[in-house]
Amino acid sequence: MTTYRKTLSLGISAVTALFLVAQTPAADKKVEIRAKGSDTMVQLATAWAEAYRKVKPNVFVNVNGGGSGTGIAALQNGSTDLCNASREIKPEEKEKVKATSGKEVKEYAVAIDALAVYSNKANPIKEISVEELREIWAEGGATTTWEQVSPKFKGKIALFGRQNNSGTYDYFREHICGKKDGKQREFRPGISEMNGSADVVENVTKTPTALGYSGMGYKTPDVNWLKVSNKKGEPAVEPGADAARSGKYPISRKLYIYTAGEATGEMKAYIDWILSPAGQKIVEQEGFVPLK
Amino acid sequence: MNAATNANPFAASEFEQRKNRRAIVMKWVLFGFCAILVIPLVGILLDIFIKAAPVLSFDYLWENPVNKGKQGGLWAPLMGTFYLVIGSLLFVAPIGVFAAVYMNEYARDGWINRIIGITVTSLAGVPSIVHGLFGVGAFVLFMLPAINRVVADPNDRSTKWEAGLLTASLTIAVMNLPVVIASTREALGAVPQAFREACWNLGATRWQTIRTVVLPNSLSGILTGIILVVSRAAGETAPILFTGATFFRFVEDQGWGKIFPYRPAEPFMAMSMHLNIISNQISQMPEKMKFGCAAVLIGLILFINSFAIMLRVWLRGRKRW
Amino acid sequence: MSEKANARRRKFQFLDALELPTEWIIRLCGWSSIIGIAAIFLFIFREAAPMVPKLDWIHFFTSPRWIPNPGTGNDASFGALALLVGTFTTTFIALIISVPIGLGAAVYVSEFAKGKTKETLKIIIELLAAIPSIVWGFIGLMILGPIVKWIFTAQPDTWWSHTMLTLHLASADTGAAQGTNLLTGGIILALMSVPLVVSLSEDALRAVPDSYREAALALGANPWETVRRVLFPAARNGLLAACMLGMGRAIGETMAVLMATGHNNRIPAALTDPVRTMTATIAAEMGEAVVDSDHYRMLFVLGIVLFVMTCGINVAADIIVKGVKGKTK
């Protein structure tokens with residue numbers, strides 16, 4: 001063989017060898033935990049994952065969004081260890097997990113979230129009631145312009161919500177749209193379905209006549225949120241840690257992590273860390289409400 | 001009489017002068033159309049690079065994204081795109097070139113050629129999201145479980161193959177197949193038939209002719225097609241959305257893990273996916289980071305394409321016929 | 001012939017022994033694109049198939065209610081009318097912008113431009129074609145969107161707001177609420193499909209024999225007249241195919257419309273209303289849909305509809321250019 005061919009084949013085999021060597025697992029046992037589910041929780045979960053690496057450098061937590069529904073489905077077919085969910089798991093979903101994995105679903109409440117109703121900085125209206133929200137958001141509702149809510153602001157209400165497999169979408173629909181003739185009311189047509197909680201807030205920030213719902217952890221200084229009361233005329237409550245915890249704020253919920261069966265080993269350590277003051281501090285930093 | 005003999009018989013009549021003026025007007029209108037195309041483009045590119053300027057630096061390319069992309073650099077997505085491109089080239093280059101060889105050398109002027117031509121055009125026109133759906137249906141949901149049944153140990157999760165570089169490369173390969181076939185075919189067609197006839201006259205078989213004369217002489221066109229494929233693979237998002245790209249993945253900050261961060265069977269980060277997510281899904285993302293990612297991606301694509309154009313011009317200059 | 005070249009050639013001679021298997025591989029690869037198209041159809045249909053018998057096609061094509069995840073106790077409704085309207089309106093706007101500009105630019109580059117200008121324009125258009133769709137979406141979201149919004153914003157009761165309302169340029173008297181809407185999406189799609197239209201039209205114009213141009217010149221036509229009266233009719237098929245392929249590209253575009261049209265599933269009432277196309281719906285909802293659920297299969301059904309549409313357009317364009325019998329040039 002000529003020297004040219006020799007060096008070329010040597011070079012190629014060297015690179016291939018290096019590539020293959022890099023595939024062997026690391027010296028210290030690398031542990032991977034998969035977390036999947038709620039888009040509301042995806043930034044919180046990523047913050048937890050990044051902080052936990054400083055606590056235990058060999059534990060890698062891979063975080064994916066996809067909505068609470070996708071996370072629960074992943075739990076059902078075994079493709080995830082932890083399911084982040086911004087709504088409670090339904091009984092039929094629990095059954096399905098038990099059927100496919102043989103284990104009971106274990107629920108860990110890890111944070112509290114208040115669903116804030118965001119409005120643009122140009123909007124002078126400061127409070128709203130659940131009744132009025134119902135007429136704005138539900139199918140067949142009567143309110144389409146800001147003048148109908150209050151004479152202080154004019155314009156057609158531009159509505160921003162979440163995509164339809166989101167736990168947040170589900171929760172808001174159940175608690176705000178309410179029921180009509182015994183059946184759950186759907187959202188009205190014409191709501192922009194944004195992918196992700198941050199997207200909703202960004203659009204409300206850019207659109208003067210906007211109204212949107214998203215987790216309270218996504219508030220920025222460039223956007224307002226409305227105080228919410230149960231009925232028109234009652235005192236309106238601002239989203240906040242105590243209001244959410246005590247239930248005074250009408251649209252507050254718990255954020256959950258679900259596992260198939262009792263968590264063991266590294267997973268249990270991770271969940272315990274999340275529930276510890278260190279993990280709850282991150283909850284507060286991300287703008288959600290810690291459990292205590 | 002004087003006026004008649006002094007008049008220039010070839011001068012344009014009133015009617016013709018009007019038509020000529022209209023022709024000149026139309027020429028400038030059409031130039032205006034070109035300008036409408038070019039000027040906003042240049043303006044947009046300038047805007048992006050100006051807004052990205054505070055961020056662009058060598059460190060920006062060398063560091064990993066930190067804090068969900070709000071700080072740090074673009075190394076992990078760049079590496080992912082790089083490996084995706086290489087992976088898809090491994091599949092598409094041989095198949096595409098051989099398919100064009102078949103169409104041009106073996107099956108000329110037949111009904112099969114026409115059918116293959118139609119399928120190549122149809123394949124080229126398939127929307128990118130449909131390629132993504134195909135990737136999910138064929139590779140993630142059909143090929144991976146089949147591989148896992150053979151290779152994976154149900155009790156050890158780390159041996160399970162997931163949607164990642166392999167499935168995404170295959171999907172992008174299928175998407176780029178028509179481009180390689182079309183450009184290779186053009187390149188092969190440009191080789192004069194006289195070359196082939198001369199070879200056959202000397203007693204060479206068809207395959208010998210192809211590998212000694214036809215392929216080497218059409219190398220410029222083939223390379224151009226392959227470089228186009230590189231730029232498409234680097235820029236596409238929809239096919240890799242569900243077949244392996246992920247937004248967030250831990251990548252080593254130094255050592256071998258930094259150069260070879262991804263294995264073929266696990267999810268990877270990619271530039272296009274990164275831009276997609278940081279544009280509107282992360283709250284309080286600084287504008288300059290968004291524009292920085294867009295600028296790097298555009299810069300990469302334009303660089304690859306300019307390289308292809310220069311290569312094409314240079315190789316065409318070297319042609320000996 | 002040098003010794004070195006001979007030696008190199010001898011080394012590769014082992015490939016000749018592999019001629020038969022190599023030819024079989026080449027034959028197989030030749031069929032690759034047929035296998036590819038068939039596989040695409042097969043696998044998408046495989047995922048969508050369980051839904052097809054359950055699907056009410058009339059409801060699918062006529063109802064704008066797209067509610068895949070209904071509240072407890074309600075039925076899911078898969079009405080894709082709003083999505084179809086979204087796709088077609090964005091494509092329509094893209095076409096009315098890109099066809100004149102594309103054809104005009106192609107005519108200018110191929111007939112009027114000379115030398116350096118021609119080369120530069122061709123390179124710029126090629127680079128325009130290379131920009132990936134996600135970047136176009138980014139441009140629509142971050143740069144074009146605010147511009148469109150600024151143009152279409154008005155205080156209520158001004159002449160501009162009245163004009164906007166009467167001309168259906170905006171559906172509220174304060175103007176466009178969002179920057180990401182039908183108009184922005186249409187403009188971005190136009191910018192994306194123009195390079196395709198330009199390059200294919202240029203090919204079509206170049207394919208017209210020079211003898212036509214020379215004959216027109218001999219009869220005293222000026223350049224514009226040559227184009228209008230001789231070249232356009234002669235290249236008619238090719239130009240039509242170019243426009244159809246541009247339309248196919250606009251219909252199939254995903255990421256750009258995902259980011260630039262706003263995510264609003266309704267039939268637009270005005271030019272600056274946000275809409276959603278079929279492609280954007282698949283891209284946005286696929287990550288959220290639970291595998292093997294009805295919603296998931298419906299997304300594959302949307303994929304089939306898209307696939308059939310774009311394939312149809314491509315085959316039609318191919319037939320227009322080459323004729324039904326298939327005269328390969």
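Which side chains of chain C meet in a salt bridge at 3.0 Å, N to O? They are those of Asp210(C) and Arg213(C), where a salt bridge is a side-chain nitrogen of Lys or Arg within 4 Å of a carboxyl oxygen of Asp or Glu. The structure is a predicted model, in which local features need pLDDT of at least 70 and side-chain atom pairs count only at pLDDT 80 or more, while totals for chains, interfaces and linings use all residues. Residues are numbered from 1 along each chain as its sequence is written, chains are lettered from A and ligands numbered from 1 in the order in which they are written, and side-chain values use heavy atoms, with hydrogens and water left out.

**Salt bridges**

- Over all chains, the count comes to 31 salt bridges.
- Asp210(C) and Arg213(C) both lie in helix 11 (residues 210–218) of chain C, 3 residues apart, which is about one turn of the helix; helices (H or I, at least four residues) and strands (E, at least two) are DSSP runs, numbered from the N terminus.
- Arg213(C) counts as buried because its relative accessibility is 18%, and buried means under 20% relative accessible area, exposed over 50% and partly exposed in between (1.4 Å probe, protein chains only).
- Glu193(A) and Arg276(C) also meet through their side chains in a salt bridge (3.1 Å, N to O), and this pair crosses between chains, from strand 9 (residues 192–194) of chain A to the loop between helix 14 (255–260) and helix 15 (278–286) of chain C.
- Both Glu193(A) and Arg276(C) are buried.

**Chains B and C**

- Contact, meaning heavy atoms within 4.5 Å, links 77 residues of chain B with 81 residues of chain C.
- The size of an interface is often given as the accessible area lost when the parts come together.
- Chain B and chain C bury about 7,100 Å² between them, 76% of it on carbon and sulfur atoms, where buried area is the accessible area (1.4 Å probe) that two parts lose on being put together, summed over both.
- The count between chain B and chain C is 3 salt bridges, and one of the pairs is Glu225(C) with Lys19(B), whose closest N and O atoms are 2.8 Å apart.
- Asp318(C) and Arg114(B) meet in a salt bridge as well (3.2 Å, N to O), reaching from helix 16 (residues 294–322) of chain C to helix 5 (residues 111–125) of chain B.
- Asp318(C) counts as buried because its relative accessibility is 9%, and Arg114(B) is buried with a relative accessible area of 15%.
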